[in-house]
Amino acid sequence: MTGVQTCALPIFRAFGLMLGSIWSVGVFTLGIASMTSQWGGKIVKLFAAVYIGYRATLLGSLIGAFWGFIDGAITGILIAWVYNRFVS
C-alpha cells in the first residue's frame, strides 16, 4: 500500500501534464484553423465563453492554449486521482 502512495504524486503530475499538453495543442489548433478557414467557428465561440480571451486570432489562440493547458492539467490530475481511488 505504501508503494502506491509514494508513487501516486508523480503519476498525478505526469498525467496532468500529458492531458494539459494535448488539450492545449488541440485548442490552439482549433483557433488557428478557425482563423484561416472559418472551420470550427461555433466551437471557438463556445470555448470563448469559458476561456477568457480566446478568439480565432493568433493571440487569442495562444491565450486559449494557456487556458486549455490549465483546464487539461486539472482534469488530468482529477482523473488520475479517481483512478487511483478505484484501483487501491
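Modeller: What follows is a run through the labels, from the overall fold down to single contacts.

Modeller: Keep in mind that this is a predicted model. The protein has three helices and zero strands, and from the N terminus on its elements run α-α-α.

Biologist: What makes Ser24 buried or exposed?

Modeller: Buried means under 20% relative accessible area. Ser24 has a relative accessible area of 14%, so Ser24 counts as buried. Ser24 lies in helix H1, and leaving aside its neighbours within four places in sequence, Ser24 is in contact with Ala65, Gly68 and Phe69.

Biologist: How do you know that the side chain of Ser24 reaches the backbone oxygen of Ala65?

Modeller: The distance is 2.9 Å, and a polar contact needs a pair of N or O atoms within 3.5 Å.

Biologist: What makes Thr57 a cap for H3?

Modeller: A side-chain oxygen of Thr57 lies 2.9 Å from the backbone nitrogen of Gly60, at the N-terminal end of H3. Again the cut-off is 3.5 Å for a polar contact, and the pair passes.

Biologist: How does the span of H3 compare with what is expected at 1.5 Å a residue?

Modeller: Helix H3 covers residues 58-87, with 30 residues. From its first C-alpha to its last it reaches 42 Å, close to the expected 44 Å. Its buried residues include Gly64, Ala65, Gly68, Gly72, Ala73 and Gly76.

Biologist: Which residues make up the largest nonpolar core?

Modeller: Six residues: Val27, Leu30, Val44, Phe47, Tyr51 and Tyr54. Helix H1 (2-37) and helix H2 (41-48) each supply at least two residues of this core. Phe47, setting aside neighbours within four places in sequence, is in contact with Trp23, Val27, Leu30 and Tyr54.

Biologist: Why is the pair of Tyr51 and Tyr54 called what it is called?

Modeller: A search of the whole structure finds four aromatic pairs. In this one, the ring centres are 6.4 Å apart and the planes stand at 70 degrees, so the pair is edge-to-face. Rings pair if their centres lie within 6.5 Å, and planes over 60 degrees apart count as edge-to-face. Both Tyr51 and Tyr54 are buried, and ring pairs link Trp23, Phe47, Tyr51 and Tyr54 into a cluster.

Biologist: Where does Gln38 lie, and what is its phi?

Modeller: Gln38 lies in the loop between H1 and H2. Its phi is positive, about 60 degrees, although Gln38 is not a glycine.

Biologist: How do you know whether Gln38 is buried or exposed?

Modeller: Exposed means over 50% relative accessible area. Gln38 has 65%, so it is exposed. The C-alpha atoms of Gln38 and Ala56, 18 residues apart along the chain, are separated by 8.8 Å.

Biologist: Zooming out, how much of the protein counts as buried?

Modeller: Of its 88 residues, 27% do. The protein exposes about 6000 Å², with carbon and sulfur atoms supplying 76% of that area. Among contacts between residues at least 6 apart in sequence, 56% join residues at least 24 apart.

Technical notes: Residues are numbered from 1 along each chain as its sequence is written. This is a predicted model: local features need pLDDT of at least 70, side-chain atom pairs count only at pLDDT 80 or more; totals for chains, interfaces and linings use all residues. Side-chain values use heavy atoms; hydrogens and water are left out. A nonpolar core is a set of buried Ala, Val, Leu, Ile, Met, Phe, Trp, Tyr and Cys residues joined through side-chain atoms within 4.5 Å. Buried means under 20% relative accessible area, exposed over 50%, partly exposed in between (1.4 Å probe, protein chains only). Helices (H or I, at least four residues) and strands (E, at least two) are DSSP runs, numbered from the N terminus. Contact means heavy atoms within 4.5 Å. A polar contact is a pair of N or O atoms within 3.5 Å; within protein, one must be able to donate a hydrogen and the other to accept it, and residues adjacent in sequence count only if both atoms are side-chain atoms. The expected span of a helix is 1.5 Å times one less than its number of residues. Accessible areas come from the Shrake-Rupley method with a 1.4 Å probe; for residues, only the protein chains shown count as cover. Rings of Phe, Tyr and Trp (its six-membered ring) pair if their centres lie within 6.5 Å; planes under 30 degrees apart count as stacked, over 60 as edge-to-face and the rest as tilted.
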